[in-house]
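Keep the structure in view while reading.

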Amino acid sequence: MRTRTAEWFECKIRYEKTMEDGMQKKVTETYTVDALSFTEAERRITEEMSSYISGEFEVADIKKTAYKEIIFSDEETADRWYRCKLQFITIDEKTDKEKRSSINYLVNAGTLNGAVKNIDTVMGGTMIDYVTSSVAETTIMDVFEYKKSGQTNDKPEYEE
């Protein structure tokens, strides 16, 4: 499991999808990419999707996301993305009152309980007091993180 902090953009892609019964259906799917600007986000999602979609598609919408970090999972069953809202708890030293600040994470997991487990695994390695205030499955199909040229996310099947 790994986390990644970046500027994330949510991109909606509209295209004709071939369904299991062979019929064509116009669909809109949501993907997330990291980029420095809206222009770069559009270029990146176009590049990424052109290898997955045969035929024409359009970028129907691009917007910045509110995700502080994205938590990726290496589990084979992690095929969904969950929006997790965490509240970090601090104590104001002057007033001795509890203060909570909310942060959104995007978490890769196979189930809602798996998303909570992945959050706890990542946050367990920190000294931050937090509570998970909400977890909800998103419609995000996939997340494309920036890769330097020549770099891939593929792991070797074995190591010598």
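## Overall layout

Which pattern does the protein follow, read along the sequence? The pattern is β-β-β-α-β-β-β-β-α-β-β. The model is predicted. Its secondary structure comes to two helices and nine strands.

The protein has 160 residues, and 33% of them are buried. Among the contacts with a separation of 6 or more, 67% are between residues 24 or more positions apart.

Strands of a sheet pair through backbone hydrogen bonds, and the pairing can be parallel or antiparallel. In this protein, four strands form an open sheet in the order S4-S2-S3-S9, with mixed pairing. S4 and S9 are the edge strands; each has a single partner strand, so one side of each has no neighbour in the sheet. On average, neighbouring strands of this sheet are turned by 25° against each other, if direction is ignored.

S2 and S3 run antiparallel and are joined by eleven bridges. Two of the facing positions can be found in the model: phenylalanine 9 is opposite valine 33 in S3, and glutamate 10 is opposite threonine 32 in S3. The hairpin of S2 and S3 has five residues between the strands, and glycine 22 in this hairpin takes a positive phi near 90°.

S2 also pairs with S4, again in the antiparallel sense, over seven bridges. Here cysteine 11 has isoleucine 62 in S4 as its bridge partner.

## Helix H1

How far apart are the end C-alpha atoms of H1? They are 18 Å apart, which agrees with the 18 Å that the 13 residues of H1 should span at 1.5 Å a residue.

Glu40, Ala41, Arg44, Ile45, Glu48 and Met49 are buried in H1. These residues are on the same side of H1, because they cover an arc of only 150° around the axis. The cover over the buried residues of H1 includes S2, S3, strand S4 (57-64) and strand S9 (140-144).

How does H1 sit relative to the sheet, and which strands does H1 touch? H1 packs on the sheet and touches S2, S3, S4 and S9. The direction of H1 makes about 140° with that of S4.

## The nonpolar cores

The largest nonpolar core has 14 residues, and Ile13, Val33, Ile45 and Met49 are the ones that touch the most other members. Strand S2 (8-18), strand S3 (24-34) and helix H1 (38-50) each supply at least two residues of this core. S2 gives the most, with four residues.

Which residues does isoleucine 45 contact, leaving aside its neighbours within four places in sequence? They are Cys11, Ile13, Tyr31, Val33, Val59 and Phe144.

Another core lies apart from the largest one. This other core has twelve residues, including Ile71, Leu86, Ala115 and Met123.

Methods:
Residues numbered from 1 in each chain as written. Predicted model: local features only at pLDDT ≥ 70, side-chain atom pairs only at ≥ 80, totals over all residues. Heavy atoms only, no water. Core = buried A, V, L, I, M, F, W, Y, C linked by side-chain atoms within 4.5 Å. Buried < 20%, exposed > 50% of the residue type's maximum accessible area, 1.4 Å probe, protein only. Contact = heavy atoms within 4.5 Å. Expected span 1.5 Å × (residues − 1). Arc of directions from axis to C-beta. Pairing = 2+ DSSP bridges. Axes fitted to C-alpha atoms, helices over the stretch in contact; angles between N-to-C directions.
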